[in-house]
Amino acid sequence: MSLLVFLVWMLFFDNTNFITTYKLRSKLNNLEKEKEYYQDNIQQVEKDRNELLSNTELLEKFARERYFMKKESEDLYIIVDNKD
């Protein structure tokens with residue numbers, strides 16, 4: 001009888017019941033996966049940044065494509081594709 005009362009108490013009434021523990025453990029696993037994903041992304045971005053800062057041609061290409069920068073003697077034409 002006392003074992004049954006203990007199990008019911010642990011399953012439903014205790015602050016650290018099995019259901020809450022399971023949900024929290026599941027959430028922790030998901031957060032750890034997200035952490036690993038973002039750490040991998042940070043490493044890739046740092047690698048790309050180091051490449052950009054060490055290679056002036058690559059930096060110039062990045063600036064032209066991303067920020068539409070140009071040299072003083074050049075004209076810049078931006079073509080917008082309207083798919084209506």
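Reader: How far apart are the end C-alpha atoms of residues 28-55?
Author: They lie 41 Å apart, and the span is 96% helix and 0% strand. Keep in mind that this is a predicted model.

Reader: What does UniProt place at residues 28-55?
Author: The unreviewed UniProt entry gives the feature "coiled-coil region" there.

Reader: OK, on to helix packing. At what angle do the axes of helix 2 and helix 3 cross?
Author: Roughly 110°, with the axes of helix 2 (residues 18-54) and helix 3 (residues 56-67) coming within 5 Å. Angles of 65 to 115 degrees count as roughly perpendicular, so helix 2 and helix 3 are roughly perpendicular to each other.

Reader: Which residues make the contact?
Author: Helix 2 contributes E51, L52 and S54, while helix 3 contributes T56, L58, L59 and F62. By class, four residues are nonpolar, two polar and one charged.

Reader: And what reaches the backbone nitrogen of E57 at the start of helix 3?
Author: A side-chain oxygen of N55, which comes to within 3.2 Å of that nitrogen.

Reader: How many residues does helix 3 have?
Author: Helix 3 has 12 residues and reaches 16 Å from first C-alpha to last, close to the 16 Å expected.

Methods
Residues are numbered from 1 along each chain as its sequence is written. This is a predicted model: local features need pLDDT of at least 70, side-chain atom pairs count only at pLDDT 80 or more; totals for chains, interfaces and linings use all residues. Side-chain values use heavy atoms; hydrogens and water are left out. Axes are lines fitted to C-alpha atoms, for helices over the stretch in contact, and angles run from 0 to 180 degrees between N-to-C directions. Helices (H or I, at least four residues) and strands (E, at least two) are DSSP runs, numbered from the N terminus. Angles under 35 degrees count as roughly parallel, over 145 as roughly antiparallel, 65 to 115 as roughly perpendicular and the rest as oblique. Contact means heavy atoms within 4.5 Å. Ala, Val, Leu, Ile, Met, Phe, Trp, Tyr, Cys and Pro count as nonpolar, Asp, Glu, Lys and Arg as charged, and the others, Gly among them, as polar. UniProt positions are given in the numbering used here, feature names are shortened, and annotations may be inferred rather than shown by experiment. The expected span of a helix is 1.5 Å times one less than its number of residues. A polar contact is a pair of N or O atoms within 3.5 Å; within protein, one must be able to donate a hydrogen and the other to accept it, and residues adjacent in sequence count only if both atoms are side-chain atoms.
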